[in-house]
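Hi,

Here is the structure I promised to pass on.

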Amino acid sequence: MTPDLMEAGAERHARAQGLPAGASTESGGRTAGYGRPAVAGEVDVTHGRILYLEDVSVSFDGFKAINKLSLDIAPGELRCIIGPNGAGKTTMMDIITGKTRPDEGTVYFGSTIDLLRHREAEIAQLGIGRKFQKPTVFEHLTVFENLELALKTDKRVKPSMFFKLDSAQADRLADILQTIHLADSVNRMAGTLSHGQKQWLEIGMLLMQDPKLLLLDEPVAGMTDEETARTAELFLTLKGKHSLMVVEHDMSFIRTISEIVTVLCDGSVLAQGTLDEVQADERVIEVYLGR
Ligand SMILES: Nc1ncnc2c1ncn2[C@@H]1O[C@H](COP(=O)(O)OP(=O)(O)OP(=O)(O)O)[C@@H](O)[C@H]1O
């Protein structure tokens, strides 16, 4: 969030709480929060936004893949992103995760962490997890070992051999196994899992790091109907505890999980609202749904 917006937001928050002007919040506002060093696990959401993009643009060889994109997400929200091929959905995720640097614009995680000042690995450590379309689990390790490995910061063989889960981590691993529907498959080699189960395992690996925000790119592509339904259940369980941004083309899946749907087209937001609202929008029908 820009300093001016943060200042205004902090003042609004202070007024709402009956505090004198200038009192601001504990952590918000230019004086209190802006420029504070980012610490993993600490995301200031007192302004009601966990992710904030404003006027973000990026061009590739003169082609504007993202064009003055503005978008924000509330803590615990499950936001669905839809849009035609080439709309800029993946590029937007690349910008949030530090893979691509925008030419201009603002990208904030909470109200104090300027993501454009951080590298990709730092952004992951700050609490933004990303799941790409293709599952990337370690096929020759068991489900348990994959989840355990997700906690290790040093993944070289020798340090990994001496890594031991503490009891809180072991409890979390057991909870996550239940959440991702793999409690019965804990000792199976990941390579023997179905496509859907591999996707859940990879989501579980992200959850082991307790991300605040999860970005999920086409999570149900290639899944059976039953796996898709269970993935919907899984996302509804995660909502509230984590914020989720889900890019999908599967409209019946979107219908099951969505609250607010954002439609991207030509690198910016074309429409936003409930699925019914955006499906009734003539501009959306023309560029996407009416194909
Ligand atoms: N590194 C790059 N170099 C050149 N052009 C790129 C690059 N990355 C993306 N683009 C272009 O930017 C546009 C947006 O691509 P992007 O992959 O973000 O769209 P998308 O909405 O994710 O599409 P899809 O639904 O097909 O995955 C496309 O026209 C794409 O060809």
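This is a predicted model: local features need pLDDT of at least 70, side-chain atom pairs count only at pLDDT 80 or more; totals for chains, interfaces and linings use all residues.

In β8, L213 has S243 as its bridge partner. From β7 the chain goes through helix α9 (residues 225–238) to β8, a β-α-β crossover that is right-handed, meaning that with the strands pointing away from the viewer, the path from the first strand over the helix to the second runs clockwise. Strand β7 (residues 213–217) runs parallel to β8, with five bridges between the two. Strand β3 (residues 78–82) is also paired with β8 in the parallel sense, over four bridges, and there R79 has M245 as its partner. Two strands count as paired if DSSP finds at least two bridges between them.

Residues are numbered from 1 along each chain as its sequence is written.

Back to β8. Five of the five residues of this strand (243–247) are buried, so β8 is largely enclosed by the rest of the structure. Buried here means 20 or more other C-beta atoms within 10 Å of a residue's own, exposed means 12 or fewer, and partly exposed is in between, with C-beta atoms placed from the backbone. In a regular strand the side chains alternate between the two faces of the sheet. Both faces of β8 are covered, with S243, M245 and V247 buried on one side and L244 and V246 on the other.

K239 has 16 other C-beta atoms within 10 Å, so it is partly exposed. In sequence K239 and E77 are 162 residues apart, yet C-alpha to C-alpha they are 6.2 Å apart in space. Leaving aside neighbours within four places in sequence, K239 is in contact with G76, L78 and L244; contact means C-beta atoms, placed from the backbone, within 7 Å.

Now the other sheet I looked at. Four strands make an open antiparallel sheet in the order β2-β1-β4-β5. Its edge strands are β2 (63–73) and β5 (113–114), each pairing on one side only. Seven bridges join β1 to β2, and F60 is opposite F63 in β2. These two strands form a hairpin with two residues between them, and D61 in the turn has a positive phi of about 50°. On the β4 side, β1 (residues 51–60) and β4 (residues 104–109) pair antiparallel over five bridges, with E104 in β4 as the bridge partner of S57.

Most residues other than glycine have a negative phi, and most peptide bonds are trans. K68 has a positive phi, near 50°, and its place is in strand β2. With 14 C-beta neighbours inside 10 Å, K68 counts as partly exposed. H181, with a positive phi near 60°, is in the loop between α7 (167–179) and α8 (195–208).

So where is the ligand, and which residues are around it? They are F60, A65, G83, N85, G86, A87, G88, K89, T90 and T91, taking a residue as near if its C-beta atom, placed from the backbone, lies within 6 Å. By class, that shell has three nonpolar, six polar and one charged residues, where Ala, Val, Leu, Ile, Met, Phe, Trp, Tyr, Cys and Pro count as nonpolar, Asp, Glu, Lys and Arg as charged, and the others, Gly among them, as polar.

The largest share of the shell, three residues, comes from α3. Helix α3 (residues 89–96) lies across β1, β2 and β4, running at about 65° to β2; axes are lines fitted to C-alpha atoms, for helices over the stretch in contact, and angles run from 0 to 180 degrees between N-to-C directions. Seven of the eight residues of α3 are buried, so the helix is largely enclosed by the rest of the structure. Those buried are K89, T91, M92, M93, D94, I95 and I96. After α3 comes G98, with a positive phi near 85°.

For the overall picture, the chain has twelve helices and ten strands, and buried residues make up 41% of its 291 residues.

Cheers

Technical notes
Two residues are in contact if their C-beta atoms, placed from the backbone, lie within 7 Å.
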